[in-house]
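Reader: I've got a model open and I'd like to learn how to read its strands and contacts. Can you walk me through it?

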Amino acid sequence: LGRRYVEVFASTAEEMTSQANAAQAAAAAQETDAVIRMRGLPFDITTGQIVEFFDGYSVTDGNVTLGINADGKFAGQANGEAWVQFASQDLATAA
């Protein structure tokens, strides 16, 4: 992510699941509600880059849901948001 300003704040598994596309929905439906939301990400961000950003917090590709525009001119394209689900609330808070 380099020197880019990225907002990170609390979210819910329900919000993450509602933003997930069909391929991501199953991975998003885990048992913990320790979820953070990120905004201001590059549109070409990958789940791997987010995993690298949270190195040391036990995040895997399956814990990351990238936001997708649902409608309009940019439907189906990345919207610069992501949701990351952590194994515990303590890890999410520390991150």
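Reader: In which sense do S2 and strand S4 pair, and over how many bridges?

Author: First, some ground rules. This is a predicted model, where local features need pLDDT of at least 70, side-chain atom pairs count only at pLDDT 80 or more, and totals for chains, interfaces and linings use all residues. Residues are numbered from 1 along each chain as its sequence is written, and side-chain values use heavy atoms, with hydrogens and water left out. Helices (H or I, at least four residues) and strands (E, at least two) are DSSP runs, numbered from the N terminus, and two strands pair if DSSP finds at least two bridges between them. Here S2 and S4 (residues 78-85) are antiparallel, with 5 bridges. Met 38 has Ala 82 in S4 as its bridge partner, and Ile 36 has Val 84.

Reader: What else does S4 pair with?

Author: S3 does, running antiparallel to S4 with 4 bridges. Ala 82 turns up again there, as the bridge partner of Leu 66.

Reader: Is strand S2 largely enclosed or open?

Author: Buried means under 20% relative accessible area, exposed over 50%, and partly exposed in between (1.4 Å probe, protein chains only). In S2 (residues 35-39), 4 of the 5 residues are buried, so the rest of the structure largely encloses this strand. S4 is mostly covered too, with 6 of its 8 residues buried.

Reader: Why does Arg 37 count as buried?

Author: Because its relative accessibility is 16%. Glu 81 is buried as well.

Reader: Which residue forms a salt bridge with Arg 37?

Author: Side chains of opposite charge can pair when their charged atoms come close. The rule wants a side-chain nitrogen of Lys or Arg within 4 Å of a carboxyl oxygen of Asp or Glu. Arg 37 pairs this way with Glu 81, their closest N and O atoms being 2.7 Å apart.

Reader: Which residues touch the most other members of the largest nonpolar core?

Author: Such a core is a set of buried Ala, Val, Leu, Ile, Met, Phe, Trp, Tyr and Cys residues joined through side-chain atoms within 4.5 Å. Of its 16 residues, Met 38, Ile 50, Phe 54, Val 84 and Phe 86 touch the most others. S2, helix H3 (47-53), strand S3 (64-68) and S4 each give two or more residues to this core.

Reader: Which element has the lowest mean pLDDT?

Author: pLDDT is the predictor's confidence in each residue, from 0 to 100. Helix H2 (residues 22-28) is lowest at 49, while H3 is highest at 95. Where pLDDT is low, the predicted coordinates should not be read in detail.
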